[in-house]
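Student: Can you take me through this one? I'd like to start with the sheet and then move to the helices.

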Amino acid sequence: MSHTPLKVEQLSIRYHHKPVLTDVSFEIPAGKTVAIIGPNGAGKSSLLKGIMGLTPTIGGTTLFFGKPLEQKRLTTAYVPQREEIDWDFPIDVMDVVLMGRHGQLKFWQRPKASDKEIAEQALKNLKMWDFRDRQISQLSGGQQQRVFLARALAQQASLYLMDEPFAGVDVATEKAIIELFKELKAKGNTVVCVHHDLNTVHEYFDYVILINARLIAAGPSEEVLTKDNLNKTYGGRLSLLNDLTEQMYRSRLNQAHDD
């Protein structure tokens with residue numbers, strides 16, 4: 001029996017005795033591009049970190065393809081927010097991407113020719129091959145993001161968790177990320193992203209998780225992105241649901257139904 005790529009059950013997280021997320025449960029089908037959406041402070045990044053075991057949880061379980069993370073690390077790739085990386089660390093682009101192969105190696109092994117070929121292809125896919133010898137501190141924000149996406153791609157995982165991959169990137173990088181999503185999805189992989197732009201959700205993602213300290217809704221985009229669910233998620237802060245946005249939203253819904 002094949003298991004869902006990611007199953008979260010009653011996950012709860014607190015920081016300094018203050019609840020951040022309470023009893024969040026959802027299950028993601030394979031081969032989807034998934035957006036985690038909610039207002040600032042809703043617990044989106046905390047959810048991703050809790051899933052990956054990077055922040056303490058106070059309850060709940062997370063299964064990757066039916067197993068704990070320790071047994072599925074090779075099939076799960078994580079891309080943190082760009083601000084969390086020490087960009088002054090003296091390392092070049094190729095070495096960063098080769099880090100994505102380390103899980104496949106024993107601790108005494110060095111990357112083989114086949115590992116370098118995989119890293120090379122990942123850099124070419126993200127249009128960063130020409131920068132392979134560049135120090136990461138010399139790259140633009142968009143280029144840095146592409147390097148870390150290439151590292152995840154080199155891991156050849158089945159599940160990719162990304163924390164705001166579109167934040168602060170240029171148009172070329174945004175297009176490169178979308179192409180990467182399409183490629184991963186075509187291979188049956190699953191991509192889960194913290195995302196903040198409601199206007200691009202329907203275009204970029206086919207499955208949505210709405211949270212605001214708790215789960216509001218989870219499911220296919222056309223079912224979950226209703227005005228009622230968005231109001232529950234954003235409350236009075238949903239000023240972006242003005243007439244123009246609502247027209248765009250309705251046209252995307254119609255387009256989705258037509259498809």
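Tutor: The open sheet has 6 strands in the order β5-β6-β7-β3-β8-β9, with mixed pairing. Strands here are DSSP runs of E, at least two residues, and helices are runs of H or I, at least four, numbered from the N terminus. Two strands pair if DSSP finds at least two bridges between them. The model is predicted, with local features needing pLDDT of at least 70 and side-chain atom pairs 80 or more, while totals for chains, interfaces and linings use all residues. Residues are numbered from 1 along each chain as its sequence is written, and side-chain values use heavy atoms, without hydrogens and water.

Student: Which are the edge strands?

Tutor: β5 (76-79) and β9 (215-220), each of which pairs on one side only.

Student: And in which sense do β3 and β7 pair?

Tutor: Strand β3 (residues 33-37) pairs with β7 (residues 190-194) in the parallel sense, over 4 bridges. Ile 36 stands opposite Val 194 in β7.

Student: Switching to helices. At what angle do α3 and α4 pack?

Tutor: α3 (residues 113-125) and α4 (residues 141-154) pack at about 135°, with axes 8 Å apart. Axes are lines fitted to C-alpha atoms, for helices over the stretch in contact, and angles run from 0 to 180 degrees between N-to-C directions.

Student: Which residues make the contact?

Tutor: Ile 118, Ala 119, Ala 122, Leu 123 and Asn 125 of α3, with Ala 150, Leu 153 and Ala 154 of α4. Contact means heavy atoms within 4.5 Å.
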